[in-house]
Amino acid sequence: MSSIPPISTGSSKLDALKQNVTAAAPKKLSGVDLYFRFAFAGAVCCSLTHGGLTPVDVVKTRIQLDPVTYNRGLIGGFRQIIAKDGASALLTGAGPTFAGYFLQGAFKFGGYEYFKQQSISLLGYETAANNRTAVYLASAACAEFFADIALCPLEATRIRLVSEPTFANGLIGGMSKIYKQEGLGAFYSGFGPILFKQVPYTMAKFAVMEKMVEFTYGNLVDKATASGAMQTGVNLGSGVIAGFAAAIVSQPADTMLSKINKTKGLPGEGTTSRLIKIAKELGLRGSYSGIGARLFMVGTLTAGQFAIYGDIKKALGAVGGVEIAK
């Protein structure tokens, strides 16, 4: 069957120009091709930012686990760890961090784009646009649930390595030792806290980011004429604010996650009873131990994530998807 010839404008020059513009336009991806690119961009941005901030995470975790000893803030914590264990201790858990957040980033960012699109298809574009905050929150929560299933074993290993520097030598050794000594369930003993931490964190992160980008392009910057550098700058600035919001919302659960993964529970002690016990011991003030280090860390990595994510998406031609912001 022959293809339908293109409609002529009546001018050979305009016809040629139209063909050139059509040929030069980027192919709009969809389906697996599109979401694979979203997932890959998310995997790279999360592994690079979390991995690069491993030293800050080590200090933050030590403050949460032993606030009496590590009571001198972020900079003082760096000095204490270096004096006690050497500079190499600041890279403890780097392997699980890179691997865990590569997987988590793929599920988180790819899943967020996927669930957002499914919400739009289910509700219809107009309804989704009028209720876009709810769409952002629901999509982020669904994506993070699946991301945490992938992340939890690696995060449990990272925390054990940071809390007990002599426990094992790296990712494989740490996971093998935990499995042999405590069984498969030990990797998911912190699944409840990680959900309580990561789901609100991701909901705040994506919703605030979307709102900040919408506000910036609606009031401060013309997106149609913004350069690539300007768009990256918008992602960075919006990401910082989104990161601060996400850190504050999720800090209590982050502290509990560090505590529950520090050591194994007592014989017959369930995860729920351990969480209740830890919460009572911490109190509200104790649950925000290390918040200064975490604000710095999360604000920095969230800004970096959205900047890298946006740039990789453009480089991969991931220009599909549907936006519902005004």
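**Stop one: the largest cavity**

Start with the lining of the largest cavity, where, by class, you'll meet five nonpolar, three polar and eight charged residues. Keep in mind that this is a predicted model. The cavity's volume is about 120 Å³. To find its centre, select His50, Tyr101, Lys197, Gln198 and Met297, the closest to it of the 16 lining residues. A search of the whole structure turns up two cavities of 30 Å³ or more.

Now colour the helices around the largest cavity: helix 3 (54-65), helix 5 (94-123), helix 7 (132-163), helix 9 (191-219) and helix 12 each supply at least two lining residues. Which helix gives the most to this lining? Helix 12 does, with four residues. Next, colour by domain: domain 1 (29-188) and domain 2 (191-318) both give residues to the lining, so the largest cavity lies between them.

**Stop two: helix 12**

Select residues 291-316, the 26 residues of helix 12. At 1.5 Å a residue, helix 12 should span 38 Å, and its end C-alpha atoms are 36 Å apart, which agrees. Step just past helix 12 to Gly317, which takes a positive phi of about 75 degrees.

**Stop three: the largest nonpolar core**

Finally, select Phe38, Phe109, Tyr112, Ile194, Phe206, Tyr309 and Ile324, the residues with the most contacts inside the largest nonpolar core, which has 40 residues. Helix 9 brings the largest share of this core, nine residues. Other helices that each supply at least two include helix 2 (31-52) and helix 10 (228-262). Domain 1 and domain 2 both give residues to this core, so the core lies between them.

Conventions. Residues are numbered from 1 along each chain as its sequence is written. This is a predicted model: local features need pLDDT of at least 70, side-chain atom pairs count only at pLDDT 80 or more; totals for chains, interfaces and linings use all residues. Side-chain values use heavy atoms; hydrogens and water are left out. The expected span of a helix is 1.5 Å times one less than its number of residues. On a 1 Å grid over the protein atoms alone, a cavity is a set of points where a 1.4 Å probe fits but cannot get out, and a pocket is an open set with protein on both sides within 12 Å along at least five of seven lines; lining residues have an atom within 4 Å of a point. Grid points are joined across faces, edges and corners, and a volume is the space filled by probe spheres set on the points. Ala, Val, Leu, Ile, Met, Phe, Trp, Tyr, Cys and Pro count as nonpolar, Asp, Glu, Lys and Arg as charged, and the others, Gly among them, as polar. Domain bounds come from an automatic or database domain assignment. A nonpolar core is a set of buried Ala, Val, Leu, Ile, Met, Phe, Trp, Tyr and Cys residues joined through side-chain atoms within 4.5 Å. Buried means under 20% relative accessible area, exposed over 50%, partly exposed in between (1.4 Å probe, protein chains only).
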